[in-house]
Amino acid sequence: MGLNDFFQYFARILTLLLVLPVHEAAHGLVAKWFGDDTAERQGRITLNPMAHLDLFGSLLIIFTGFGWAKPVPINPMRMKKYRAGISLTALAGPVSNILAALVSGLIYNLMMCSQTVVNQYYEYNFGGEVTPLICLLMVLSFLFQINIGLAVFNLIPIPPLDGFNVLRYFTSEKVDRWFYTYQREISMGLLILLVLLRIIPSEYNFISIIAMKFSDLLWHAVSWIPKLKWGL
């Protein structure tokens, strides 16, 4: 295992332990805001990762970068606005991943305002030693990429992913019934999609393409910080 692989896996584990609980708690908080306290009563508005981890979904995140946690229980019938409540509750999760990516990118670029970090960065690129600061930069870089990938993946509009419930704001009960009638077949299709995402080269992989474009956009939002410092 190379150094990049090590830090990539380490960043995925950090995402499981630190970001995934925020993702799931965000679902519960928005549901509560709309009047449904089901998640709160079942102890799911918490940053304790053990309350949220799904074994299979967690292994997928570690080994593929895509996956899921235990679904946060919600009761749409208790929400003030049925479809808006469902959709915004679902959207809260991917938004938390985008914010985690933004924070990671922001810290990375703030670090690059330090002369010490910049010196170590360029020395490392030319065969220099791996210092604790370089390790932190690598982990932040992978956290940025992983959380963008998770946000884009979770917004795919098929169950059980968040994108399906986001889409429900714009659909009808007839569409809901069709999806739930064929939920097992759709879930199997999702597993096949996960396999294909690992096989198809990134330049032809629609998830990778969308994630890359969004990643570039978000990176531009924070990469100006060191440029301002060094007058670039």
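The following questions and answers concern a predicted model.

User: Which helix gives the most residues to the lining of the largest pocket?

Analyst: The largest pocket holds about 670 Å³ of space, and 32 residues line it, with Pro-71, Val-72, Pro-160, Leu-161 and Asp-162 the closest to its centre. Helices H1 (3–33), H4 (82–111), H6 (132–154), H7 (162–167) and H9 (183–199) each supply at least two lining residues. With five residues, the helix that gives the most is H1.

User: How do the residues lining the largest pocket divide into nonpolar, polar and charged?

Analyst: Both Pro-71 and Asp-162 are among the lining residues closest to the pocket centre. Over the whole lining, the division is 18 nonpolar, ten polar and four charged.

User: Is Ala-11 buried or exposed?

Analyst: Ala-11 lies in helix H1. Leaving aside residues up to four places away in sequence, Ala-11 touches Val-139, Phe-142, Leu-143 and Ile-146. Its relative accessibility is 0%, and the cut-off for burial is under 20%. Ala-11 therefore counts as buried.

User: How far apart in space are Ala-11 and Ser-223, C-alpha to C-alpha?

Analyst: In sequence, Ala-11 and Ser-223 are separated by 212 residues. In space, their C-alpha to C-alpha distance is 21 Å.

User: What is the handedness of the crossing of H1 and H4?

Analyst: The two helix axes come within 8 Å and cross at roughly 145°. When H1 passes H4, the crossing is right-handed.

User: How many charged residues are there in the contact of H1 with H4?

Analyst: On the H1 side, the contact includes Val-19, His-23 and Val-30, and on the H4 side it includes Leu-88, Gly-93 and Asn-97. The residues of this contact divide into ten nonpolar and six polar, and the number of charged residues is none.

User: Is Tyr-124 buried, partly exposed or exposed?

Analyst: Tyr-124 is placed in helix H5, residues 115–125. Buried requires under 20% relative accessible area and exposed requires over 50%. Since its relative accessibility is 23%, Tyr-124 counts as partly exposed.

User: What is the C-alpha to C-alpha distance in space between Tyr-124 and Ile-134?

Analyst: Not counting residues up to four places away in sequence, Tyr-124 touches Leu-3, Asn-4, Glu-129, Val-130, Ile-134 and Met-138. Ile-134, one of these contacts, is ten residues from Tyr-124 in sequence. The C-alpha to C-alpha distance between Tyr-124 and Ile-134 is 7.7 Å.

Terms used: Residues numbered from 1 in each chain as written. Predicted model: local features only at pLDDT ≥ 70, side-chain atom pairs only at ≥ 80, totals over all residues. Heavy atoms only, no water. 1 Å grid on protein atoms, 1.4 Å probe; cavity = no way out; pocket = protein on both sides within 12 Å on 5 of 7 lines; lining within 4 Å. Points joined across faces, edges and corners; volume = space filled by probe spheres on them. Helix = DSSP H or I, 4+ residues; strand = E, 2+ residues; numbered from the N terminus. Nonpolar A, V, L, I, M, F, W, Y, C, P; charged D, E, K, R; others polar. Buried < 20%, exposed > 50% of the residue type's maximum accessible area, 1.4 Å probe, protein only. Contact = heavy atoms within 4.5 Å. Axes fitted to C-alpha atoms, helices over the stretch in contact; angles between N-to-C directions. Left-handed = near helix turned anticlockwise from the far one by under 90°.
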